[in-house]
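Subject: Structure handover and notes

Hello,

Please find the structure below. My notes on helix packing, the strands and a few backbone angles follow it.

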Amino acid sequence: MAVLNDEQVMLRDMAREWADNESPVTAFRKMRAAAPAERFDRDAWGAIGQMGWAGVVVPEEFGGSAFGYLSLGLVVEQLGRNLAASPLASTAVAASAIVEGSSDAAKGEWLPRLAAGEAIATLAIDEGPVHDMTIAASVSGGALSGAKAFVAEGDGADVFVVAAADGLYLVPKGTGVTVSHRHMADERSHAQVVFDQAPAEKLGGPDLTAAVVDRATVIACAEMLGMAESGFQQTLDYLKQRVQFGQVLSTFQALQHRMAKMLTELELMRSAVEGALEAIDAGRSDLAQAASLAKAVAGDTLRLVSREMVQLHGGVGMTDEYDAGLYMKRAAVLETMWGTASWHRDRFARLNGY
């Protein structure tokens, strides 16, 4: 488990309080019912921008706080607890791609706006139904062409960080960019984005692509950690108050064993996810291994917790009145985003020479 400094503790507690008071699960339900085109609440995003969370990994010279990825992960985790629909994760990781990139013009134009929450950015990487890092998109004469099948937060994005065969490119929404909404089970923003001779500015080569994807993977794990913790706690609270056969459910030993299993896996998940976040901040050479370990553990654990959440709520767990189904649907999307647990176990083995 990571050792947090005073600033990180304050940031985590602030994010937790805001999420509980201003963005509970009921806020997600309200957004789902309203179904705005961008699939998030613009007012809530404005508040996130004012609190500076979008600039956590942006250097101070561009209006950010440069608190690092562990700090960003703490915020994303707290938002994940309540299924907060926000483009924070995509914008922050895309901003870090610009920070690590070679374009000073892109840094000057976009980083201050992204750090302030005035613009939204996202990654456009995958071109097929699964994450496999096979990239066909290409650039000729400064114009990018290709199609990205699943772009999270693509509906409301102002600028895309796009993977082409020879690296990462920055493409503003506009000429040559067509965005089509994809309806997914989690009711969040997912889009197919087609680039047809879209003006593009290069940020870096394939090494930058790989590094940015690892960062995006780890931040997705942070959201998954928050969801798993909340799912566990909600299930525990339900078992403590639900009476069946004349007894409180939490007194049944078989259910205690299932809860103990989840708690053990949650502790392992936290260790893996926070270890990967620290690996990013430390610039460790084993970041790829740490990212794959975190995603494999996070995928297995969130799958366990989200399914047990439904099962242990009994019949009501299958109804929309209860939140269990919402967590399971979001979990199903995150389990496949940036590679499934089995994909990352294979990658971890390859990276370690097996």
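Helix α8 passes α9 in a left-handed crossing, where left-handed means that the near helix is turned anticlockwise from the far one by less than a right angle, and right-handed that it is turned clockwise. This is a predicted model, in which local features need pLDDT of at least 70 and side-chain atom pairs count only at pLDDT 80 or more, while totals for chains, interfaces and linings use all residues. Residues are numbered from 1 along each chain as its sequence is written, and side-chain values use heavy atoms, with hydrogens and water left out. Helices (H or I, at least four residues) and strands (E, at least two) are DSSP runs, numbered from the N terminus.

Helix packing

Two packed helices are described by the angle between their axes and the distance between the axes. For α8 (residues 253-282) and α9, the axes come within 8 Å and cross at roughly 155 degrees. Axes here are lines fitted to C-alpha atoms, for helices over the stretch in contact, and angles run from 0 to 180 degrees between N-to-C directions. The pair α8 and α9 is therefore roughly antiparallel; the classes are roughly parallel under 35 degrees, roughly antiparallel over 145, roughly perpendicular from 65 to 115, and oblique for the rest. The residues of the contact of α8 with α9 divide into 21 nonpolar, two polar and four charged. In this count Ala, Val, Leu, Ile, Met, Phe, Trp, Tyr, Cys and Pro are nonpolar, Asp, Glu, Lys and Arg are charged, and the others, Gly among them, are polar.

Helix α9 (residues 287-312) also packs against α10 (residues 324-336), at an angle of about 160 degrees and with the axes 9 Å apart. That makes α9 roughly antiparallel to α10. The crossing of α9 and α10 is left-handed. On the α9 side the contact (heavy atoms within 4.5 Å) includes Lys295, Gly299, Leu302 and Arg303, and on the α10 side the residues include Tyr327, Met328, Ala331 and Leu334. By class, the contact of α9 with α10 has eight nonpolar, four polar and four charged residues.

The four-stranded sheet

An open sheet of four strands has the order β1-β4-β5-β8, with mixed pairing. Strands β1 and β8 (201-204) stand at its edges with a single partner strand each, so one side of each is left without a neighbour in the sheet. Direction ignored, neighbouring strands of this sheet are turned by 30 degrees against each other on average. Helix α7 (residues 206-241) lies across β1, β4, β5 and β8, running at about 75 degrees to β5.

Two strands pair if DSSP finds at least two bridges between them. Strand β1 (residues 121-124) pairs with β4 in the parallel sense over four bridges, and the bridge partner of Leu123 in β4 is Val161. Strands β4 and β5 (residues 167-172) run antiparallel and are joined by six bridges. Val159 stands opposite Pro172 in β5, and Val161 stands opposite Leu170. A hairpin joins β4 to β5 through two residues.

In a regular strand the side chains alternate between the two faces of the sheet. Strand β4 (residues 159-164) is mostly covered, with six of its six residues buried; buried means under 20% relative accessible area, exposed over 50%, and partly exposed in between (1.4 Å probe, protein chains only). Val159, Val161 and Ala163 are buried on one side of β4, and Phe160, Val162 and Ala164 on the other.

Which residues have a positive phi without being glycine? One is Glu153, with phi near 60 degrees. Glu153 lies in the loop between β3 (143-152) and β4, and counts as buried at 6% relative accessibility. Another is Gln197, with phi of about 55 degrees. Gln197 lies in strand β7 (residues 190-199), and counts as partly exposed at 46% relative accessibility.

Regards
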